[in-house]
Number of protein chains: 2
Amino acid sequence: MTDTSKSTLMAHQVLDSIRNVTGPGKIPLHEPVFIGNEWEYLKECLDSTFVSSIGSFVDRLAVDLQDYTGASYAIPMVNGTAALHMALISIGVSAGDEVLMPALTFVATANAATYCGAVPHFIDAEDRSLGVDATKLEEYLEAISEQRQGKCINKQTGRVIRALIVMHTFGHPSDLEKCIRLAENYNITLVEDAAESLGSLYRGRHTGTFGKVSALSFNGNKTITTGGGGAILTNDREVASKALHLSTTAKVGHEWEYKHDAVGYNYRMPNLNAALGCAQMEKLDELVEGQRALYRLYEREFSSNDKIKLFTEPEGCKSNYWLQSLILTEKNDSLREEILKVTNGDGVMCRPVWKLMHQLPPFRDCPRMTLDCAQSLAARIINIPSSPVLAKTA
Amino acid sequence: MTDTSKSTLMAHQVLDSIRNVTGPGKIPLHEPVFIGNEWEYLKECLDSTFVSSIGSFVDRLAVDLQDYTGASYAIPMVNGTAALHMALISIGVSAGDEVLMPALTFVATANAATYCGAVPHFIDAEDRSLGVDATKLEEYLEAISEQRQGKCINKQTGRVIRALIVMHTFGHPSDLEKCIRLAENYNITLVEDAAESLGSLYRGRHTGTFGKVSALSFNGNKTITTGGGGAILTNDREVASKALHLSTTAKVGHEWEYKHDAVGYNYRMPNLNAALGCAQMEKLDELVEGQRALYRLYEREFSSNDKIKLFTEPEGCKSNYWLQSLILTEKNDSLREEILKVTNGDGVMCRPVWKLMHQLPPFRDCPRMTLDCAQSLAARIINIPSSPVLAKTA
């Protein structure tokens, strides 16, 4: 058999395995599930006429998120990108700083740093978590950085390395313990991009509560959705207060005066979207369980495949399994392309992972370490349909 | 009678006049009205599961806005601030540019320029429209600017004056004819901040269709609302295409690849919010008529008052009368403060106009012309309850 016909055969096997789980029809990559009080809360919101950025659902969503994650403060935002931007601003990331972040991430992570005038600095991934390789990062920082007046300076660029963003890829927690120690040792502020990891625990504690500040996303493709939306989590009162102030046009409290004491943003989540969020939060555990059950169904299908492995949560973690991921055991571009063609062609939505950040035109010239593992993963990952409702179909 | 007791007496007269129109109870400054298909469209949106940035209501809202305003392109955005930011970026405003704008505006106008790295440059208002004084601006530009290679250069700062933002205060159209001519003569791009003027016409044509690009807002306090939301209007295909691309994370079209060719933004309006917007658009004419009827009711109350005038739409314009405005004929700080105290104290929400931009800490050092008229107006304006539903109560 030629390599091409081998690839085609295997692609069809993958399609069959996925179809065994999803059943027939057009299968989106990740579809929201509205099985609770969504409808009722939207009606209540409309009836109150409070649909905009002030309203009881915004306050309630904040409390729900605090209760669920254990964070002291949650601030709903207009989307995950806005949350990331506010997270970075609220810890003092500013023009000319560098922000360490995975090359393997969604573009919002790099964009948010850019909005602050900061420079993304890309770091490598590890196979175990798909997140930051803290061991390699430590060696790298040892080589390229020095401490000056309590700051971490990139010796090559002269810039301050202000923050390290850890992103929990597809919902799987990164190696937080090592990252926390590293950030402390190097005087770098730890930020969690928890956009994908609502419902994911690291050693029993919710992701997004380890960094100084973190960002969640409730985009339509996430575990829960508010249409568009996101939130900041933090245990630091000062950070929370700064993020709240700056995301509300930096308006200074007064009964009727319009005074703004800084360049602010219009980043607060509207009450209409928060109403949807409150209903979704009530179902979060159920949705996470659905995503975890889906993993088990896929695992049954792929466990005997020696060319393609289904990605499993790292040890010590309970992952929300937001996006199910197949990983080719060896780089094989034609096989990957063939799987994408065959599955998508049949109406089963599958996706490669994001293009690595340093390969995107706006970030080509940003500093970076060697990115061997990220590059290898990017060539081998295929995300497959991940809606929690699929676990019930099967 | 002392001045204080005179002020108190007059403040109570103002309260009585407003109460004659609004009736009793707590009266907000501007409350949304949901009397159409809001509920039905939200349900339809939820049932479709397309609540996020892709969906039929987003497309429909764009078409509805195009049909209503006559603009060739409308792009719904997450809010008015985002729309302003995209408007400026899409016409090429960039770091180090200056952007002319009224000192008398909401802070979003100045913030949006700052997001581009540009410097706001504040200009004076005129009594007739509460908008840009084009005659005074022309004299000013004659004195401070020079043309160099087809660009307007501020001789004092050496920076390019890239754009002139005209803001239609409280929905009343600015003097667009003079502003258009001025912008042409000085090679400055005209932008309309039409956040407040949906439904307002200048010489029979919709505001927001005169500039190269304009921004609308559908915040909860506007004539129509989408919870949070806004839109860009333009007749220029290139501008529309740039704004659409950059507001959609600058993602390059591909069936499954994630490629982004510029620093982009997550600024598209979610379908959930657009569903509300589509229902609101169906009632827009009715809502504008309500606001205009409210003006006539207030006019009856205030026509015989020689110390306080109700602001009337400029000649040649049909205003949406988004915010009704009382203007003291003479500056009288204690009277203004007393009116604000007495009305708000009685549950009738009244507001002074925004603090002038050059008086806000982040914009204190920005260039500006003399701002006599803006300063005089800012000391004399009081906005009074403006919900269209009040015209029916009376």
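Before selecting anything, a word on naming: helices (H or I, at least four residues) and strands (E, at least two) are DSSP runs, numbered from the N terminus. Residues count from 1 along each chain as its sequence is written, while chains are lettered from A and ligands numbered from 1 in the order in which they are written. What you have is a predicted model, where local features need pLDDT of at least 70, side-chain atom pairs count only at pLDDT 80 or more, and totals for chains, interfaces and linings use all residues.

**Stop 1: confidence.** The mean for chain A is 97, with 99% of its residues at 70 or more. For the complex, the predictor gives an ipTM of 0.96 and a pTM of 0.97.

**Stop 2: helix H8.** Select 237-247 of chain A, which is helix H8. Which of its residues are buried? Val239(A), Ala240(A), Lys242(A), Ala243(A) and Ser247(A) are; buried takes 20 or more other C-beta atoms within 10 Å of the residue's own, exposed 12 or fewer, and partly exposed is in between, with C-beta atoms placed from the backbone. Now look down the axis of H8(A): the buried residues fall within an arc of 165 degrees, so they line one face of the helix. That arc is taken over the directions from the helix axis to the C-beta atoms. On the face turned away sit the exposed Arg237(A) and Glu238(A).

Next, show what covers the buried residues of H8(A): strand E1 (73-77), helix H4 (80-90), strand E10 (213-217) and strand E11 (230-234) of chain A are among the cover. Then step on to Thr249(A), which follows H8(A) and has a positive phi, near 55 degrees.

**Stop 3: the two domains.** Colour 3-30 + 284-393 of chain A as domain 1 and 38-282 as domain 2; the bounds come from an automatic or database domain assignment. Their centres, over C-alpha atoms, are 26 Å apart. Contact means C-beta atoms, placed from the backbone, within 7 Å, and 35 residues of domain 1 touch 44 of domain 2 in chain A. On the domain 1 side, H12(A) gives the largest share, five residues.

**Stop 4: the chain interface.** Bring in chain B: 50 residues from chain A and 50 from chain B make the contact. On the chain A side, select H2(A), which gives the most, with five residues.

Methods: Contact = placed C-beta atoms within 7 Å. pLDDT = per-residue confidence, 0-100.
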